Amino acid sequence: MNENRRQRDLPPINERIRFPNIRVIDTDGGQLGIITPQEALRIAEEKELDLVLVSDKADPPVCRIMDYGKYKFEQEKKAREARKKQHTADVKEVKMRYKIEEHDYQVRVNQAERFLKSGDKVKATITFRGREIQHSDLAEDLLKRMAMDLEELAEVQQLPKREGRNMMMLLSPKK
């Protein structure tokens, strides 16, 4: 059982190619035609290379003569490059109070702008202390103002809503 699974995980190269006839492509991309796997393997061994199954869906299946170790390394290198280039959108938070001064407000808007430009979502949070919670309408106005100030960069993903002693709004960058 365990031996079978190990065999299945191995890539279809050299002796593991089990088809009556295969289409063979040479190292330089030229076609050698449709031949038996044994004959193709003999040609590959003469060149000290491997016979690698490229497409088993085609009729007949397509194999290529190449250095399998080098091919595997190239595939892994491409996968690493793809992972390096992808950006995950984080949620960055901008915190303030509803009685914020104008300059401080502008600093928060600039922070949010920077986060949005780098492709992250922004969670704008207003915290209430003590009796400030009675003025939640002022906090909502402030969040709506922030959404208006950032409307060319962001779209509101979640409208301002109260959660306990906080009011929050979620902005995501426009595509």
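Helix 4 crosses helix 5 in a right-handed sense. The model is predicted, and every value below is computed from it.

**The helix 4 and helix 5 contact**

Two packed helices are described by the angle between their axes and the distance between the axes. Here helix 4 covers residues 102-117 and helix 5 covers residues 136-149. They pack at an angle of about 50°, and their axes are 11 Å apart. The two helices are therefore oblique to each other.

Which residues meet across this contact? Helix 4 brings Glu102, Tyr105, Gln106, Arg108, Val109 and Ala112. Helix 5 answers with Leu142, Arg145, Met146 and Asp149. By type, the contact residues divide into five nonpolar, one polar and four charged.

**Aromatic pairs**

How many aromatic pairs does the structure hold? There are two.

| Pair | Centre to centre | Angle between planes | Class |
|---|---|---|---|
| Tyr68 and Tyr71 | 6.1 Å | 40° | tilted |
| Tyr98 and Phe128 | 6.4 Å | 45° | tilted |

Take the Tyr68 and Tyr71 pair. Both residues lie in helix 3, which spans residues 68-85. They sit three residues apart, about one turn of the helix. Is Tyr68 buried or exposed? Tyr68 has a relative accessible area of 16%, so it is buried. Tyr71 is partly exposed, with a relative accessible area of 33%.

Now the Tyr98 and Phe128 pair. This pair links distant parts of the chain, with its members 30 residues apart. Tyr98 is in the loop between strand 5 (91-96) and helix 4. Phe128 is in the loop between strand 6 (121-127) and helix 5. Tyr98 counts as buried because its relative accessibility is 15%. Phe128 is buried as well, with a relative accessible area of 2%.

**Ser136, in helix 5**

Ser136 belongs to helix 5. Its relative accessibility is 18%, so Ser136 counts as buried. What does Ser136 touch, leaving aside its neighbours within four places in sequence? Its contacts are Phe128, Arg162 and Met167. Phe128 also takes part in the aromatic pair with Tyr98.

**Gln158, in strand 7**

Gln158 is placed in strand 7, residues 154-163. Its relative accessibility is 25%, so Gln158 counts as partly exposed. Leaving aside neighbours within four places in sequence, Gln158 is in contact with Met168, Met169 and Leu170. Gln158 and Met168 are 10 residues apart along the chain. Their C-alpha atoms are separated by 8.5 Å.

**Ala89, between helix 3 and strand 5**

Where is Ala89? Ala89 is in the loop between helix 3 and strand 5. With a relative accessible area of 48%, Ala89 is partly exposed; the label "exposed" needs over 50%. Leaving aside neighbours within four places in sequence, Ala89 is in contact with Gly119 and Asp120. Ala89 and Phe115 are 26 residues apart along the chain. The C-alpha atoms of these two residues are separated by 9.9 Å.

Note on methods: Residues numbered from 1 in each chain as written. Predicted model: local features only at pLDDT ≥ 70, side-chain atom pairs only at ≥ 80, totals over all residues. Heavy atoms only, no water. Axes fitted to C-alpha atoms, helices over the stretch in contact; angles between N-to-C directions. Helix = DSSP H or I, 4+ residues; strand = E, 2+ residues; numbered from the N terminus. Parallel < 35°, antiparallel > 145°, perpendicular 65-115°, else oblique. Left-handed = near helix turned anticlockwise from the far one by under 90°. Contact = heavy atoms within 4.5 Å. Nonpolar A, V, L, I, M, F, W, Y, C, P; charged D, E, K, R; others polar. Phe/Tyr/Trp six-rings, centres within 6.5 Å; stacked < 30°, edge-to-face > 60°. Buried < 20%, exposed > 50% of the residue type's maximum accessible area, 1.4 Å probe, protein only.
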